[in-house]
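Hi,

Here is the structure I promised to pass on. Have a look at it first, and then read on for what turned up.

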Amino acid sequence: MSAESAWLRSSVALAMEERIRADRHDVDAWRVLLAEAGSQSPAEFRPVFEAAVTAMPLCAPVWMRWVEAELRACEADQVEAIFELCLLRCPQLPLWQLFLNFVKGVKVVGLDAAAARAQLLPALELLLEAVGADPAAGPLWQVRLARRPTVGARCTGACGHARPARAA
C-alpha cells in the first residue's frame with residue numbers, strides 16, 4: 001500500500017492502514033479498506049488487493065471483492081488472471097460460483113449454443129471437481145446433470161461425450 005498514489009484516502013482508510021500495519025490479518029480493517037479501494041481506478045486498487053491477498057491468500061471474500069472491482073472496471077482479462085491465481089489455491093464454493101457466473105455472463109455472451117456449451121461445461125466440471133461433495137454445491141450438481149445428454153438420446157459427439165458403441 002503506497003502512500004505515493006493519487007488516491008486521496010479518507011481518514012477511515014488511513015486508520016485502517018494503520019491497523020493493518022499493526023496486524024496484517026485484521027480482517028475488519030481490510031474489509032473497510034478494500035471497500036474504499038474498490039471504488040478507485042484499477043491502478044489505485046490493484047496494489048491494495050495484492051497486499052490483501054498476500055496477507056490472507058485463503059480468504060475468499062478478499063479474492064471476490066477484487067474480482068468484483070475488476071468487473072466494475074470492465075477488465076475481463078484481469079478477472080481471468082485473478083481466477084487463475086485463486087481458484088485452486090482457495091477452493092471455496094462462493095468463489096467458484098462467482099467464477100461460473102463470470103463464464104456465463106462474460107465468456108459465453110454472444111456465442112452460439114454449441115460454443116457456449118463448450119466454454120461452460122469445462123468450467124462447471126472444474127468447479128465440481130474442486131468442491132466435490134460439499135452439500136452447498138447441490139444446485140451446481142443439478143445444473144451439471146441437467147446439461148448432460150439424456151439416456152437414450154442420440155449423441156452427435158459435439159457435446160464432448162463419447163458416442164455409445166453400436167450393437168453389432
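Let's start with the overall picture. Of the 168 residues in the protein chain, 36% are buried. Keep in mind that this is a predicted model, so everything below describes a prediction. The accessible surface of the chain comes to about 9,900 Å², and carbon and sulfur atoms account for 58% of that.

As for the fold, you will find eight helices and zero strands. Reading from the N terminus, the order is simply α-α-α-α-α-α-α-α. If you count the contacts in the chain with a separation of 6 or more, 45% of them are between residues 24 or more positions apart.

Now the charged side chains. How many salt bridges does a search of the whole structure find? The search gives six, and here are some that I looked at.

Asp 28 pairs with Arg 31, and their closest N and O atoms are 4.0 Å apart. Both residues belong to helix H2 (residues 27-37), where they sit three residues apart, about one turn of the helix.

Glu 70 has a relative accessibility of 0%, so it counts as buried.

Arg 46 also has a salt bridge with Glu 75, at 3.9 Å from N to O. Why does this pair tie together separate parts of the sequence? Because Arg 46 lies in helix H3, whereas Glu 75 is in the loop between H4 and helix H5 (76-86), the two ends of the bridge are 29 residues apart in sequence. Glu 75 is partly exposed, with a relative accessible area of 30%, whereas Glu 70 is buried. Taken together, Arg 46, Glu 70 and Glu 75 form one network, joined by salt bridges that share partners.

After that, turn to helix H2 for the pair of Asp 28 and Arg 31.

Cheers

How values were computed. Residues numbered from 1 in each chain as written. Predicted model: local features only at pLDDT ≥ 70, side-chain atom pairs only at ≥ 80, totals over all residues. Heavy atoms only, no water. Helix = DSSP H or I, 4+ residues; strand = E, 2+ residues; numbered from the N terminus. Buried < 20%, exposed > 50% of the residue type's maximum accessible area, 1.4 Å probe, protein only. Contact = heavy atoms within 4.5 Å. Areas by Shrake-Rupley, 256 points an atom, 1.4 Å probe, with all protein chains shown as cover.
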